[in-house]
Amino acid sequence: MKRILNNRFVSNTFAYIGLTVVNRGIPFLLMPILTRYLAPEALGSITMFLTLQLAAMLIVGLSLNSVIMQRYFKMEPTEVPHALKAAYVLILLAGTVLSLALVTGSKWLTMLTNLPLGWLLVANLCAVLGMIQAVGLTLLQMRQQAGRYVTVQLVGSVANALLSIVLVVQLELDWQGRAAGILLSLLMTVGWLLFTQARDGDLHLTSHGATPPTSALCHTMADLMRLGLPLIPAALLIWGTTMSDRFFVNTLADTSALGIYAIGMMFAQVVEIIASTVNQAFMPIVFSKLNSSEADRRKLVQWTYALFASLLLIVV
């Protein structure tokens, strides 16, 4: 265990740190461009779009990336393709149901967010694609394939930035161009992930084996839902705690004030960057060692407390 922590954990941590710095650095690089070509009201609209996308991801995703992370080391290699397929089908079904709910409550949601129904549906589509991407990236993370993980994320981030610049600056599509850039970049990365998974045998688009495909798929979907559904309330509670301020600013002030507020919030994410990178590298080790000896689990707990203490020191 010590060898793993000293080698792969450290190398993966540095890989994730580099990725996170680039991912978080791109919005900072885009900030002068977006603030020059987008009015505060437009910045507020894209902030609300992203806030709704995150909420939709929690609903349509059914916490399946966490479930895959939890179950990965308990599954046989032959079970992984079935789990991936079941997860993707569940995400698509949940996205369809949420789309119908958005149409039904469109009048109230439009008043709350100042976004038209069409862009509410686009935010939901981005959420579906984002969760498919999250599940695929979780598989790479559990296999500690940091190189491929970083590559997919970097391609998506760079495509997002370039498309946003073209659509906002060159085509003058205002905040809708920024939202369209997010959608198109997700389509690229998800398409790449699905292609590589099918190529590598991690995703079977057709049935394999003697088990009836429908019953096997339904059984796996039910198992994933049983584990994922109880996690949704907690995830939504965290989203409400961290994101409700956007709705208060948008309602009590206006969308322009929300745009200015969102720019200020970007400078308060340094600690989050450090915590998320360490977490990405550490979680595969945690789940891989849960079935180890008592001594290894005790060492794991000690490492966890040491990481928490380090983060507290950074904050202070």
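The model is predicted, with local features requiring pLDDT of at least 70 and side-chain atom pairs counted only at pLDDT 80 or more, while totals for chains, interfaces and linings use all residues. Residues are numbered from 1 along each chain as its sequence is written, and side-chain values use heavy atoms, with hydrogens and water left out.

**Figure 1. Overall fold of the predicted model.** The protein has 13 helices and zero strands; both kinds of element are DSSP runs numbered from the N terminus, helices being H or I with at least four residues and strands E with at least two. Of the 316 residues, 45% are buried. Here buried stands for under 20% relative accessible area, exposed for over 50% and partly exposed for values in between, with a 1.4 Å probe and protein chains only. Among contacts (heavy atoms within 4.5 Å) between residues at least 6 apart in sequence, 82% join residues at least 24 apart.

**Figure 2. Aromatic pairs.** Four aromatic pairs are found in a search of the whole structure. Rings of Phe, Tyr and Trp (its six-membered ring) pair if their centres lie within 6.5 Å; planes under 30 degrees apart count as stacked, over 60 as edge-to-face and the rest as tilted. The ring centres of Phe49 and Trp119 are 6.4 Å apart and the planes stand at 75°, so this pair is edge-to-face. Phe49 belongs to helix α2 (residues 40-61) and Trp119 to helix α6 (residues 117-142), so the pair ties together parts that are 70 residues apart in sequence. Phe49 counts as buried, at 0% relative accessibility. For Trp239 and Phe247 the centres are 5.9 Å apart and the planes at 70°, so this pair is edge-to-face. Both Trp239 and Phe247 are buried. Ring pairs also link Phe49, Trp119 and Trp175 into a cluster.

Figure 3. One cavity of 30 Å³ or more is found in the whole structure. On a 1 Å grid over the protein atoms alone, a cavity is a set of points where a 1.4 Å probe fits but cannot get out, and lining residues have an atom within 4 Å of a point. Grid points are joined across faces, edges and corners, and the volume is the space filled by probe spheres set on the points. The volume of the largest cavity is about 50 Å³. Its lining consists of Gly136, Leu139, Leu140, Arg143, Gln145, Arg148, Leu193, Thr196, Gln197, Asp200 and Asp202. Helices α6 and α8 (174-200) each supply at least two lining residues, and α8 gives the most, with four. By class, the lining of the largest cavity has three nonpolar, four polar and four charged residues. In this scheme Ala, Val, Leu, Ile, Met, Phe, Trp, Tyr, Cys and Pro are nonpolar, Asp, Glu, Lys and Arg are charged, and the others, Gly among them, are polar.

**Figure 4. Salt bridges.** The whole structure holds five salt bridges, each a side-chain nitrogen of Lys or Arg within 4 Å of a carboxyl oxygen of Asp or Glu. Asp200 is partly exposed, with a relative accessible area of 36%, and Arg199 is exposed at 53%. Asp223 and Arg226 form a salt bridge at 2.6 Å between the closest N and O atoms. Both lie in helix α9 (residues 213-228), three residues apart, about one turn of the helix. Asp223 is partly exposed at 23% relative accessible area, whereas Arg226 counts as exposed at 53%. Salt bridges that share partners join Arg148, Arg199 and Asp200 into one network. Arg246 bridges to Asp245, the closest N and O atoms being 3.0 Å apart, and both residues are buried.

Figure 5. Asn124 is buried, with a relative accessible area of 3%. Neighbours within four places in sequence aside, Asn124 is in contact with Ala56, Val60, Gly95, Leu98, Ser99 and Leu102.

**Figure 6. Ala234 and Leu58.** Ala234 is part of helix α10 (residues 232-252) and counts as partly exposed, at 44% relative accessibility. Ala234 and Leu58 are 176 residues apart in sequence and 9.9 Å apart in space, C-alpha to C-alpha.

How values were computed: On a 1 Å grid over the protein atoms alone, a cavity is a set of points where a 1.4 Å probe fits but cannot get out, and a pocket is an open set with protein on both sides within 12 Å along at least five of seven lines; lining residues have an atom within 4 Å of a point.
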